[in-house]
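Visitor: Could you walk me through this model, starting with the overall fold and ending in a pocket?

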Amino acid sequence: MLIISNDEIRSLLTMKDCMAVLEESYLERFHHRALSRPRSDLYAPKDAGRYYVFKSMEGLLPSKKTAALRINSDIIQWRKTDEGTRKEKLPLADGNWVGLVALFDIDTGKLTSIFPDGVTQGFRVAATGGLAIKYMSKPDARTMGLFGAGWQAETQVISACAVRSLDYIKVYSPTKAKREAFADRMSRVVGIPVIPVDRPEAAARGLDIVATTTNSVTTVLKPEWIDPGTHLSCVKDIELGPYVINKANFVAVHSNNTTPENYIIGQGEKKIYAHDPIENGEHKASAKGWESADELHTIMGGGVKARVNSEQITCFINNIGLGLQFVAVGALIYRLAREQGLGIDLPDGWFTQDVHP
């Protein structure tokens, strides 16, 4: 049983390889040869408006003989700022966060690997957005606008550049120093100009691709900023808001299981389908009208065509993660770590038992 660190994962993973294994896994899902259970979140109220949240999701990919369980153990708070409400995960585990992925061999049932989910998370979300750009944006897209300047935005830039020959990227973040540092760093990473802008509309108007990768739980885009032919992408729908989404001619989602199954202490064990129990209460995705949109794997498998002309506005809502992503990327990480002799080996017997559960 192999323990693999985030630093080792950084040395092993490339965006190109990550996108390739995800594309393969989505085609397996299209052909009904893979499984992914919807995410569930358990909420326990704490003091000062904070919540403890335990999150889990699973996936099964027989072609890789692997199953995966991804879990997060978080303390979360929602903070109001001049730019809107921000969702924050607090690093209270000795200054760190807790998220793990466990891989299992479906031939023997053995636990084969455990590793932190952080680096993998950044890669798999951005790789999915990159695949949506590949299948939904104009083939000759040359410009991009980006909202957000955090770690998730970094990988989104890399994935976009992996599938389109971009001339430049404009980035907006409400903090001037943060967006300028991000632009300088990412210009050197991807080899094209990444330009910081001081107005949000400047990161949207006249651009072929507009992606939002923020921690905002309020809308950051306005529909009048979006021009014909644009491809829109978000890591959560509230960043775009219903008016921007409704302006799109074609909307796709990552999964029709549009929101997590939220269970909240004090409300029994009923499911609360909401992105954010603090901000939205029991507001359902169906009120926004996109919960039955075509899924990305259906587009990739040829079940539906996303873009039929250069004037269409297309929109990809990366609405929820899939356990299948962690199987696909996890199996790649495990194989590369074994090949390169990385990780810490622990005895299999520590993770098996001699009684039948």
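Guide: Residues are numbered from 1 along each chain as its sequence is written. In this predicted model local features need pLDDT of at least 70 and side-chain atom pairs 80 or more, while totals for chains, interfaces and linings use all residues, and side-chain values use heavy atoms, without hydrogens and water.

Visitor: What radius of gyration does the protein chain have?
Guide: The radius is taken over C-alpha atoms, and the globule rule is 2.2 Å times the number of residues to the power 0.38. For 357 residues a compact globule would come near 21 Å, and the chain agrees, with 20 Å.

Visitor: Are helix H2 and helix H3 roughly parallel or roughly perpendicular?
Guide: Helices are DSSP runs of H or I, at least four residues, and strands are E runs of at least two, numbered from the N terminus. The axes of H2 (residues 15-30) and H3 (residues 118-136) come within 9 Å and cross at roughly 70°; axes are lines fitted to C-alpha atoms over the stretch in contact, with angles from 0 to 180 degrees between N-to-C directions. Under 35 degrees counts as roughly parallel, over 145 as roughly antiparallel, 65 to 115 as roughly perpendicular and the rest as oblique. H2 and H3 are therefore roughly perpendicular.

Visitor: Which element gives the largest share of the lining of the second largest pocket?
Guide: A pocket is an open set of points on a 1 Å grid over the protein atoms alone, where a 1.4 Å probe fits, with protein on both sides within 12 Å along at least five of seven lines; lining residues have an atom within 4 Å of a point. This one has 13 of them, with Lys64, Thr66, Ala331, Tyr334 and Arg335 nearest its centre. Strand S6 (98-105) and helix H8 (323-340) each give two or more residues. The largest share, 5 residues, comes from H8.
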